[in-house]
Amino acid sequence: MEQLGLILLNGLVYGLLLFMLSVGLTLIFGMMGVLNLAHASFYMLGAFLAFTISIRLGFWAALIIVPVLVGLIGAVVERYGLRTVHKHGHLAELLFTFGLAFIIGEVVPLIWGRTPVPYRVPAALDFPLFSIAGNAYPAYRLFMMAVAIAMFLVLYLALARTRLGLVVRAALTHPDMVGMLGHDVPKVFTLVFGAGCALAGLAGVIAGNAFTTEPGMARSLGAIVFAIVVMGGLGSIWGALVASLLIGFVQTASISLDMPLGTALMHLGIPVNTAMLTDLWQITIARVAPVVPYVLLILVLALRPRGLMGTRSA
Amino acid sequence: MMLSVQGLQAWYGKSQVLRGVNLQVARGEIVALLGRNGAGRSTMLKAIMGGVARDGRIQFDGTEIGRLAPHQVARLGLGYVPEDRSIFPDLTTAQNLILGEKPGPGGKFGLDDAYALFPRLRERADAPAGALSGGEQQMLAMCRTLMGSPALLMVDEPTEGLAPMMVQKVRELLVAVAARGVTILLVEQKLDIALAISQRLYVMGHGEIVFEGTPASLAGNAQVRREWLEV
Ligand SMILES: Nc1ncnc2c1ncn2[C@@H]1O[C@H](COP(=O)(O)OP(=O)(O)O)[C@@H](O)[C@H]1O
Ligand SMILES: [Mg+2]
């Protein structure tokens with residue numbers, strides 16, 4: 001029972017973190033029709049900048065400064081890069097973001113080196129909060145959850161209650177029409193791209209020290225975030241939320257399950273002939289955990305090509 | 001002239017659709033733009049708004065708008081209602097209307113005016129716009145554009161696919177809007193409506209203007225109707 005509680009808690013934190021990344025990506029895709037391949041690179045940039053800034057000014061300053069900084073970098077990239085490429089079509093835009101991901105991926109190790117940097121949880125939050133299922137639960141995890149929930153509420157209110165939020169949601173389905181009603185759509189694109197990057201940067205600040213800040217972090221998380229956005233339905237905010245939480249829980253659960261695959265399937269009432277493919281059934285669930293998101297992705301797309309809540313097919 | 005278009009050309013990729021169109025609309029007029037499917041009427045409205053690749057002179061109230069972005073054209077006072085209506089389906093009826101409000105001068109037409117013109121919109125104010133019927137969506141699209149208080153309203157086939165009752169309502173709305181002093185450029189398929197409510201009309205064929213005149217002159221010109229309009 002406590003084990004389940006721990007999985008739910010960790011799954012929620014991880015899921016909300018994934019949402020912080022996927023919501024920006026799905027909004028950018030929905031409005032501009034561009035899959036931003038550099039999105040996770042902004043997450044990495046956030047983590048490394050947070051490392052440097054927290055040494056000089058402390059973690060709390062980094063928590064405020066880094067998202068703003070990464071958001072500004074994103075806005076500049078959109079305004080002076082993507083917007084110029086826009087007239088050459090979506091393929092050119094896709095290649096542009098690919099190049100950008102590549103550049104960030106090379107520049108980061110040039111500045112910070114190829115090995116993990118010692119970006120640490122702030123001392124004020126570095127203590128066990130309570131004990132659950134025999135594990136000490138770090139206070140910082142709860143802090144991550146609080147930041148993620150605060151971000152979710154702010155984002156929700158901004159989209160649901162403000163005029164700019166209305167414009168953004170309208171542009172998800174008919175960007176051209178929004179422009180012809182007199183709204184400066186290119187400016188809104190820049191804002192949304194910047195805001196999406198700021199959220200990715202924020203995720204980097206709060207996750208970089210809980211996990212590891214190293215030059216490969218964009219690649220490993222990037223793939224999962226793409227899977228989430230496609231699974232949730234390209235351009236769907238609610239889809240991104242559901243898929244993020246789903247992957248968060250499923251992956252956390254599978255990592256903590258030490259059980260062999262065959263036994264797990266039998267527990268689920270799926271009979272397997274363990275005499276065949278003996279080795280396969282011996283693999284523990286924890287070891288297949290990294291593929292789980294992609295298996296889910298393929299399952300969802302096979303059953304619903306539009307994604308969980310999408311309106312257009314992937 | 002309120003709107004003056006000279007030598008307008010437009011392209012989708014490499015294929016040219018408009019081949020040098022001249023068209024004028026004076027303040028206070030209802031002008032109809034007729035033609036068969038594929039003649040280039042929708043492209044004409046999109047080109048004026050800046051929604052397709054184009055070249056030529058377009059003047060609105062003396063300002064050259066041929067190189068402006070769509071939102072800049074709209075802010076000068078051009079309202080556009082597209083053929084597909086482009087309703088924002090996930091937003092409510094009221095939110096759709098609110099999005100029609102524009103920064104800058106205006107404020108002559110508000111939510112209450114929209115509801116007065118078509119009371120059904122008030123009843124459906126909090127329903128997702130995607131749940132409205134086709135006719136209601138057409139009314140919503142027109143009222144949404146009117147919320148920006150345009151001086152010139154360009155409407156693309158507003159009666160297409162509607163039941164006779166709704167066609168009548170759309171027609172009444174256009175007449176009411178014109179009575180409020182809004183100039184109208186109307187793309188229509190139904191000849192009877194165009195003949196009844198417009199002061200002047202143009203007929204397009206293959207991306208060019210092939211006839212220009214009054215309803216009476218078109219009514220009396222069976223040859224133009226046979227060659228360019230009847231199917
Ligand atoms: N988005 C588009 N891409 C390519 N060709 C188009 C597009 N829209 C319209 N066309 C072509 O342009 C021509 C004019 O179309 P349109 O302006 O829609 O005519 P109308 O509104 O008079 O029916 C047609 O031959 C049509 O096939
Ligand atoms: Mg048309």
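Val77(A), Gly81(A), Leu82(A), Val85(A) and His86(A) of helix α3(A) meet Ala92(A), Glu93(A), Phe96(A), Thr97(A) and Leu100(A) of helix α4(A), where contact means heavy atoms within 4.5 Å. This is a predicted model, in which local features need pLDDT of at least 70 and side-chain atom pairs count only at pLDDT 80 or more, while totals for chains, interfaces and linings use all residues; side-chain values use heavy atoms, with hydrogens and water left out. Residues are numbered from 1 along each chain as its sequence is written, and chains are lettered from A and ligands numbered from 1 in the order in which they are written. The model scores ipTM 0.95 and pTM 0.88.

**Confidence in chain B**

- Chain B has a mean pLDDT of 94, and 98% of its residues reach 70 or more; pLDDT is the predictor's confidence in each residue, from 0 to 100.

**Chain A: a helix pair and a hairpin**

- Helices and strands are DSSP runs (helices H or I, at least four residues; strands E, at least two), numbered from the N terminus.
- Helix α3(A) spans residues 59-86 and helix α4(A) residues 90-112; the two pack at an angle of about 145 degrees, with their axes 8 Å apart.
- Axes are lines fitted to C-alpha atoms, for helices over the stretch in contact, and angles run from 0 to 180 degrees between N-to-C directions.
- Strands β1(A) (residues 128-132) and β2(A) (residues 135-138) run antiparallel and are joined by four bridges; two strands pair if DSSP finds at least two bridges between them.
- Phe130(A) has Tyr137(A) in β2(A) as its bridge partner.
- The hairpin formed by β1(A) and β2(A) has two residues between the strands, and Ala133(A) in the turn has a positive phi of about 50 degrees.

- Strand β1(B) (residues 3-12) runs antiparallel to β2(B), and eight bridges join them; Ser4(B) has Gln24(B) in β2(B) as its bridge partner.
- Eight of the nine residues of α1(B) are buried, including Arg41(B), Thr43(B), Met44(B) and Leu45(B); buried means under 20% relative accessible area, exposed over 50%, and partly exposed in between, with a 1.4 Å probe and protein chains only.
- Just after α1(B), Gly50(B) takes a positive phi of about 90 degrees.

**Chain B: the magnesium site**

- The magnesium ion (ligand 2) is coordinated by OG of Ser42(B) and OE of Glu83(B), at 2.0 to 2.6 Å.
- These two residues link distant parts of the chain, 41 residues apart: Ser42(B) is in helix α1(B) (residues 41-49), and Glu83(B) is in the loop between β6 and α3 (93-100) of chain B.
- Donors are N, O and S atoms within 2.8 Å of the metal (3.2 Å for Na, K and Ca); water is not among the atoms, so sites may look incomplete.
- Ser42(B) is buried, with a relative accessible area of 16%, whereas Glu83(B) is partly exposed, at 28%.

- Strand β9(B) (residues 200-205) pairs with β10(B) in the antiparallel sense over five bridges, and Tyr202(B) has Glu212(B) in β10(B) as its bridge partner.

**Chain B: positive phi in loops**

- Most residues other than glycine have a negative phi, and most peptide bonds are trans.
- Asp61(B), although not a glycine, has a positive phi of about 50 degrees; Asp61(B) is placed in the loop between β4 (53-60) and β5 (63-64) of chain B and is partly exposed, with a relative accessible area of 40%.
- Ser149(B) has a positive phi near 45 degrees, lies in the loop between α6 and β7 of chain B and is buried, with a relative accessible area of 13%.
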